[in-house]
Amino acid sequence: MSLTVPAVVNLTAVKPLKTACYDNNLVNSQGIFLGDKPLKFALPLLLLEVSMIFFLTHAVHYLLKHLGQCRIVSQMLTGILLGPSVLGQCVEFRKTVFPERATYILENLSLISLILFLFSCGIKTDLGLLKKPGRRAIIIGAAGAILPSILSLGLFYGFNHAFPKDLRQSTLVFDLATRLSLSSFPVIAEALSELHLLNTELGRIAMSASLITDVCSWFLLAAFLASTLIIKASNPTTAVEIVISFLAFTLFIVLIGRPVTIWITKKRTPAGELLGEGYFIGMLMAALLAALVTEMIGFKYILGPFMLGLALPGGMPLGVTMTERLDSFFTAMYLPVYVVLAGYRTDFKELKSFSGWGVLELVVVLCCVGKMVGSVAGSLYVEMPMRDAISLGLILNIKGIIEIAFISNWGDSEKATAAHYSALTASMMFITAFCSPLIKLLYNPSTRFVAGKRRTIEHAKPNSELRVVACLHSEDHVAPLLDLLEASHPSRDSPISLTVLHLTELAGRSAPVLRPHKCGRCNSSPPSASDRIANAFRYFEQQSVPGTISVHPFVSAAPYATMHNDVCGLALSRKARIILLPFHKHSDGAHEAASHAVREFNSSVLRFAPCSVAILVDRTLPSGTTCAHTNSLLQRVAVFFLGGPDDREALAYASRITGCSDISLTAVRISLREDESDAPSATKDVNAHDEAMIEEFRLRHIDNERVVYIEKTVADGEGTAAVIRSICEKFDLLIVGRRKGKESLLTSGLSDWSECPELGVIGDMLATTDFGGKVSILVVQQQKRMEGVGEGEEERFLRSGVGGGDVRRGGEEMKNGLIPPPTS
């Protein structure tokens, strides 16, 4: 049986339909050994096309990602390479691999993936950002949208007579100017995620600004489609039916779809678990039906699923279910097919007459330049640095799959000719390819973490408030941190200002979260992990002596790759002197689990932190940990001092412990023997700073029976290891400096078998199960020095006030209300 597709006269359309006859029974091949040609059958051909697209897009992206390109540029370029502009010039290749009968199947699959992608994007879009978008986001978003609209539409209506007849008689220019002037939230979110800028200060502004304009764009789309259908209606009754149908669909989503989904997620889904398989399939069917309804009433299939997704609650469990079960496979596999096919239909041979597409390209240029100028002007108006303003303008100019979807729809409806379509798709690719590497070149979020003041415990004034940022990934990290904080002896003379930050991986939402933890949740809602963590620390504050410790809980949800931005930014704005991090390995007494993502996060914090950092390796059994104020498990503490900034910071932290009446402290000074230290090749670990601090420590605690000072001399690293091994098991907590990059005879040979370089040589040695046993370890790194500046020169530089980065940059979040200021 053969299927005939009717012929269409218009050959200037993007996908001109020609008469095509083929046997629709040719689905499965019997194989080449029985005489069949597999590529004549639908299934083998589909598998070949999908596999070719999958491997080629990944291969192209592997090459282009080193140039700072986003994935969609690689996918568009792959489509152009396969299309009639390059490989498709070979007629045999096009007929064999991409015949017209096969592209129908590919297009339908890709359209289904696009529908589900829009549904997922709607779910993960947090409309709560519109409640308090911020002054900067409103001004930048409005300036970046109004100026390009004025320029492009002013050109079109002011010089309408100069435009080609087909553009004058259609709404293509108006649609294009509206679409390009208003940034797309899902596209900006995806681009920021690929550029690792999602939870940076600039990324948050871009997300809020794009969300404001994107909501406006979808509202304008619905209004424009409704007005178009009403104008085309044959009688007033039909116009009324169109409006009533769309309103009924909207009310059904709001009054029935949303309440039912909330009931499923809260009443029928256990806390912390994903949606059941039946409910998940039901959500997918609802998205497809939403697309069907809006397509049937003439409002385009792209509007329905996105509206439905916006109405449904994101986060856990619905948003996370869509991310893990849908985005990770179906959209990741078939959505690139949609973009590749858009590039495949791009034919540069159609761009023969400049008069046919040149004017349209001028509109694109005006939109991009106008958005760039408007965004930069708005950024400068709110006192952003020029470099950040330009970067923000480039971010808001990034184009993606939403723009490609609109261009494809214009081509399908013959609103855009083949020349228009080819020019527009190529423009979207070139704009994104131009912006992405420039953003990476201009904007480095880590530069704002360069504090212009010493934020260390060693350099703190005596009896000053100790500002601490404590990071936790799970409730298992609560008890060890509470024990450490209690041992740190908060008092009225030397209080502790504690900022607790619960870190979770961003899942089920597009926008990252960094906010203070909110008290007073509804009693009917079960407490979340963040609630239980915050309550534990608040209880610790209540049980402490009034005025000794203040707790400020925060919640953060961000990708692990950029999670350190939240920690470092919060530490900078809170003027913290030390960040406490949990180790990436956790033991339950029988098994040990490790998280590679947490390890990379710890390394990033150590690299960019604007203050000192300490990693706590907890070796206490879960059944033995306690949160009570008077039952701390840390009773015997030792600090090993070999010399250097990190060891001085460790000794400074240990000095606070001496004030606790229930804890004994042993300070072990390890130095080289005189004959070894005098050798010309020996590295001097002893300097004036070390000697002064050691002498001060001894004199301060000379009459304290709970403080013991021991000196040990060794010849090499083997001797250092022997000294530490001989006494480490006598203590509950060992405090050591990280000593990153400080090689000497004291640690020679100890780094040969290093497994955890983020702990340093001594910390890594102690963390091994056959060395440290069940002793907890605190590895301390002092605030890093400036690149290329010596220690003495750095002190003079900081005292001069030139590097006031913590005031200029760190105060930006507080000034704009993103992060509450520290309490005095």
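This is a predicted model: local features need pLDDT of at least 70, side-chain atom pairs count only at pLDDT 80 or more; totals for chains, interfaces and linings use all residues.

Mentor: Residues are numbered from 1 along each chain as its sequence is written, and side-chain values use heavy atoms, with hydrogens and water left out.

Trainee: What makes the contact of K415 and D175 a salt bridge?

Mentor: The term asks for a side-chain nitrogen of Lys or Arg within 4 Å of a carboxyl oxygen of Asp or Glu. Between K415 and D175 the N to O distance is 2.7 Å, so the pair meets that limit. K415 sits in the loop between helix 16 (401–412) and helix 17 (418–442), and D175 in helix 7 (residues 172–181), so this pair ties together parts that are 240 residues apart in sequence. Helices here are DSSP runs of H or I with at least four residues, strands are runs of E with at least two, and both are numbered from the N terminus.

Trainee: Why is D175 called buried, and what is K415 called?

Mentor: Buried means under 20% relative accessible area, exposed means over 50%, and partly exposed lies in between, with a 1.4 Å probe and protein chains only. D175 has 9%, so D175 counts as buried, whereas K415, with 25%, is partly exposed.

Trainee: How do you know that R669 and E691 form a salt bridge, and which elements do they lie in?

Mentor: Their closest N and O atoms are 3.3 Å apart. R669 lies in strand 12 (residues 664–672) and E691 in helix 24 (residues 688–700), so the pair ties together parts that are 22 residues apart in sequence. R669 is buried at 6% relative accessibility, while E691 is partly exposed at 37%.

Trainee: How many salt bridges are there in the whole structure?

Mentor: A search of the whole structure finds 16. Besides such pairs, E458, R648 and D690 are linked in a network of salt bridges.

Trainee: Why is L255 called exposed, and which patch holds it?

Mentor: L255, found in helix 10 (residues 236–267), has a relative accessible area of 59% and is therefore exposed. L251, F252, V254, L255, I256 and V260 form a nonpolar patch on the surface, with about 560 Å² of accessible area together.

Trainee: What makes a space a cavity, and what makes it a pocket?

Mentor: On a 1 Å grid over the protein atoms alone, a cavity is a set of points where a 1.4 Å probe fits but cannot get out, whereas a pocket is an open set with protein on both sides within 12 Å along at least five of seven lines; lining residues have an atom within 4 Å of a point.

Trainee: Which residues lie nearest the centre of the second largest pocket?

Mentor: They are F117, K124, E190, S193 and E194, out of 42 lining residues. This second largest pocket has a volume of about 1,300 Å³, and helix 13 supplies the largest share of its lining, eight residues.

Notes:
Grid points are joined across faces, edges and corners, and a volume is the space filled by probe spheres set on the points. Patches are made of residues with over 30% relative accessible area and no salt bridge: like charges are joined within 9 Å, nonpolar side chains (Val, Leu, Ile, Met, Phe, Trp, Tyr) within 5 Å. Accessible areas come from the Shrake-Rupley method with a 1.4 Å probe; for residues, only the protein chains shown count as cover.
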